[in-house]
Amino acid sequence: MQHATAPVGGGARMQVLICTSPAQAARSAASAVLAGLPGARKEACNDGLPPVLGLATGSSPLGLYAELGRAVERSEAWFGDAQGFALDEYIGLPAGHPQSYRRILEREVCAVIGLATHRLHVPDATAETTGTAAGFTRRAHDYERQIIDAGGIDVQILGIGVNGHLGFNEPGSALSSRTRVKRLAAQTRADNARFFADPADVPTHCLTQGLGTIARARRLVLIATGSGKAAAVAAAVEGALSASCPASILQWHPDAVVVLDGAAAARLRNRSYYDDAAAGLGTP
Ligand code: F6R
């Protein structure tokens, strides 16, 4: 099985799928992921390169991961030989910290979809190995190399920050950036404080895939639900392509799927057009 390829020539498109509920959004997003991962079918597993999945943490994709787990149970998908690449990792948490993105992905993805933990790649940023700026630069390069050596990411699963960030590429991030150290925005630290005993415990820095790294994935699937994401979604889908809204790179990507519930779609101006296009009456 060859890796899925992005459409070429006139085939590039950004699909906007507006669902009636978060549960339906999770099902649609899981379908969009599987459509971009032909290698995730059991019968295809020995027929070429194994699938490579880019993994977001956070609340948004949890239902999607549960749906992928159900597809595995129904024998419609298989991730036994897949590789997973995290979008990002906090700098400075002790190895094994329950809020480290490695631990979260082991719990919320590996255990759910049957991805082997030794095939889960996460940028190395633990407290034990935290070192010099040069050391982080080397680790960031190593991470880029691991992605390339795996054949590139077939499908990158994404959430969106309320400030429009992708991964931890905060507003102002270079559109062509690669994996590197980033400082978390104050908004992001406040949003993520819910996972820590004390807001002061939220790390200040991270290693994150860059926007250029994310854009190289053959398919992007972004899921957003709830009214808190409506402004960011509108900026990403209908605003200017700009570093001010990092998620606006989806407009430029040749194969992007944006899956929303009604609340997250509430500030889109072209909603009826997206609905018509999704019903097969046009191509966005
Ligand atoms: C997670 C990540 C972030 C989140 C975003 C949304 O790895 O990189 O970009 O996707 O902050 O988080 P939730 O889904 O918790 O609202």
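Reply: Start with helix 3, residues 101-113. R103 and E106 both lie in this helix. They are three residues apart, about one turn of the helix. This is a predicted model, and the values here are computed from it.

The side chains of R103 and E106 meet in a salt bridge, at 2.6 Å from N to O. The two partners sit in unlike surroundings. R103 has a relative accessible area of 33%, so it counts as partly exposed. E106 is at 18%. The cut-off for buried is under 20%, and E106 therefore counts as buried. The pair is also part of a network: R102, R103 and E106 are linked by salt bridges.

Now the wider count. The structure holds 10 salt bridges.

One is in helix 2 (62-73). There, E67 and R70 are three residues apart, again about one turn of the helix. Their side chains form a salt bridge of 2.7 Å, N to O. E67 is buried, at 12% relative accessibility. R70 is partly exposed, at 38%.

The other is between D124 and R139, where the closest N and O atoms are 4.0 Å apart. D124 lies in the loop between strand 5 and helix 4 (133-149), and R139 lies in helix 4, so this pair ties together parts that are 15 residues apart in sequence. D124 is partly exposed, at 35% relative accessibility. R139 is buried, at 10%.

Seven bridges join strand 1 to strand 10, and the two run parallel. Within that pairing, M14 stands opposite A256 of strand 10. Elsewhere in the sheet, four bridges join strand 2 (residues 52-55) to strand 3 (residues 83-86), also parallel. There, L55 stands opposite A86.

A35 is in helix 1. A35 is exposed, at 53% relative accessible area. A35 and H97 are 62 residues apart in sequence and 34 Å apart in space, C-alpha to C-alpha.

S75 is in the loop between helix 2 and strand 3. S75 is exposed too, at 57% relative accessibility. Its phi is near 60°, a positive value in a residue other than glycine. Most residues other than glycine have a negative phi.

Last, a nonpolar patch. L175, L241 and W252 form it on the surface, with about 320 Å² of accessible area together. L175 lies in the loop between strand 6 (155-158) and strand 7 (180-183). At 36% relative accessibility, L175 counts as partly exposed.

Notes: Residues numbered from 1 in each chain as written. Predicted model: local features only at pLDDT ≥ 70, side-chain atom pairs only at ≥ 80, totals over all residues. Heavy atoms only, no water. Patch = residues over 30% accessible without salt bridge, like charges linked within 9 Å, V, L, I, M, F, W, Y side chains within 5 Å. Areas by Shrake-Rupley, 256 points an atom, 1.4 Å probe, with all protein chains shown as cover. Buried < 20%, exposed > 50% of the residue type's maximum accessible area, 1.4 Å probe, protein only. Pairing = 2+ DSSP bridges.
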